[in-house]
Amino acid sequence: MKKFMLVITIFSSLLLFTACQNSENESGDSSKKEITMMLTGNQEEQDAYEQVIKEFEKENDVKVKVIPTDGSQYKTKLQAAISGGNVPDVFWFEQVDFLTYVNNGVLLEMDDYLSDEAKNDIDGIWPMAVKNFQFDGTDVGAGTHYGLPKDAAPFALGYNKTMFEENGIELPDKSHSFTQEEFVTIAKKLTKDTNGDGELDQWGTGLDVRWSLPSFVWGNGGDWLNEDATKVTIDTPEFISALQEFVNLQIKYEVTPSVSQGQTLDTYQRWMKGELAFFPVGPWDMGTYQKLDFEYDLIPWPTGQSGDWATYFQSTGIGVSANTKSPEDAVELVKYLSTSVKGQDALVEASVQIPNNVEKAKEWASDTSSRPINKQIFLDILDTNGRSLPMTRTYTSEWYDEFFTNIQPVLDGKKTAEEYVKEAQPKMQKLLDKSISDQ
Ligand code: CA
């Protein structure tokens, strides 16, 4: 996940193994129970969580030993803890691993520990996010809670307002989607050699295929899977033209940094330096983006042939180990982080996420005094325009990963989108069939 890649290590992850083994008590205060919690995130996020957890400790007679882990190593460390039988009492997990953790008995069924009041609080948070962590024995989306959403994180499109103004480009209407053509036209106007040395130093955009292609495909009426998630549908005309259009931003319209320019400095860094007109923005970026020296705001993603726009949202889950010795305290902490007003306020204050509570989120979005002004776009995604990434709909994600494994020749223009999907579809279908039979 992009947000997991932006992490700065603050503690050696080696801590995890000893910490889990010695979780009984190290605080010196023998009267206090202790639970362990493993998390990751960028610095702003980790600092915010530390504060909220301190607050939780004050309100509850329990000590929480936090195990912060570098984002790039988080999953490996968690898997190792699971195989070693040293699962932290409370931990974050990716949506894509939910079914596996449920099936392997890693996650505690939380319902027995949730009071009516707690269930009421859960009813107030984004339904699409809550459903991601419910399982009824057959399908995800209803039934027992095996976790609660840490967040509901929509993947919006941002634009550099200052660059638009300096180049005399009319500012986008906040609720209006550009068509692909309009998007390309503006991107072309803003791709420039600004200092006349013969090399471009400002571009329309620079999008990562893994995270941005879904918007192009869905906006065009295509998808990776059919409705019941049994067939890989990347060989449809809607999908093919969306992929080609995405690739054309680089190879035909040339509105993105070239491959070698991308190697000098990645597009995330270039956006932060004010070199890109359009770039995706997630809520986890808001803290870091307070420091940008240009104004930015959010807009809908461009539409394709479907006439509508779409993007993904994702939720990180917070779960409790099925083997915890303190299920009450552990569930209480999960509940506090996911639903409590106080906990949520502190996290929102730190600009690392939007409120999990729907009413709170509406209030938050109506405040136009802080960047981004058009926060409503985040809410629109959680309400209507957002979808879960395709691999969260299946038991395993290898079939989806396969799509991106050999895509480079297409991005380089050495293969057309049509040639590529014909090669990739059978391989992906085989992996999907295996996933279905494994389940
Ligand atoms: Ca230049």
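## Aromatic pairs

A search of the whole structure turns up 31 aromatic pairs. Here, rings of Phe, Tyr and Trp (its six-membered ring) pair if their centres lie within 6.5 Å; planes under 30 degrees apart count as stacked, over 60 as edge-to-face and the rest as tilted. Take Phe-98 and Phe-133: their ring centres are 5.8 Å apart and their planes stand at 85°, so this pair is edge-to-face. Phe-98 belongs to helix α5 (residues 98-103), while Phe-133 is in the loop between α7 (127-131) and β4 (134-135), so the pair ties together parts that are 35 residues apart in sequence. Both Phe-98 and Phe-133 are buried. Buried means under 20% relative accessible area, exposed over 50%, and partly exposed in between (1.4 Å probe, protein chains only).

Before going on, a word on what you're looking at: this is a predicted model, where local features need pLDDT of at least 70, side-chain atom pairs count only at pLDDT 80 or more, and totals for chains, interfaces and linings use all residues. Residues are numbered from 1 along each chain as its sequence is written, and side-chain values use heavy atoms, with hydrogens and water left out. Helices (H or I, at least four residues) and strands (E, at least two) are DSSP runs, numbered from the N terminus.

## Around helix α19

Trp-224 and Phe-403 make another pair, with ring centres 5.7 Å apart and planes at 80°, so they too are edge-to-face. Trp-224 sits in the loop between α10 (209-219) and α11 (237-251) and Phe-403 in helix α19 (residues 398-405), so the pair ties together parts that are 179 residues apart in sequence. Trp-224 is buried, and Phe-403 is as well.

These two rings also belong to one aromatic cluster, made up of Trp-224, Phe-239, Trp-399, Tyr-400, Phe-403, Phe-404 and Tyr-420. Contact means heavy atoms within 4.5 Å.

## Lysines over rings

The charged end of Lys-150 sits over the ring of Trp-92, 4.6 Å from its centre. Likewise, the charged end of Lys-375 sits over the Trp-364 ring, at 5.7 Å from the centre. A charge sits over a ring if NZ of Lys or CZ of Arg is within 6 Å of the ring centre and within 35 degrees of the ring normal.

## An antiparallel sheet

Now for the strands. Two strands pair if DSSP finds at least two bridges between them. Strand β8 (residues 156-160) pairs with β10 over four bridges, and β8 and β9 also pair over four bridges.

## A mixed sheet

A second open sheet of three strands runs in the order β7-β11-β13, with mixed pairing. β7 (153-154) and β13 (386-387) stand at the edges, each with a single partner strand, so one side of each is left without a neighbour in the sheet. β7 pairs with strand β11 (residues 311-314) in the antiparallel sense over two bridges, and Pro-154 has Phe-313 as its bridge partner in β11.

Helix α18 (residues 376-385) lies across β7, β11 and β13, running at about 95° to β11. Axes are lines fitted to C-alpha atoms, for helices over the stretch in contact, and angles run from 0 to 180 degrees between N-to-C directions.

## The calcium site

Which residues hold the calcium ion? Asp-193 (OD), Asn-195 (OD1), Asp-197 (OD), Glu-199 (O) and Asp-201 (OD) coordinate the ion, at 2.2 to 2.4 Å. Donors are N, O and S atoms within 2.8 Å of the metal (3.2 Å for Na, K and Ca); water is not among the atoms, so sites may look incomplete. Asp-193 counts as partly exposed, at 29% relative accessibility.

Most residues other than glycine have a negative phi, and most peptide bonds are trans. Arg-371 and Pro-372, though, are joined by a cis peptide bond, with omega about -10°. Ala-229 has a positive phi of about 60° and counts as buried at 12% relative accessibility. Glu-254 has a positive phi of about 50°, and is exposed with a relative accessible area of 53%.
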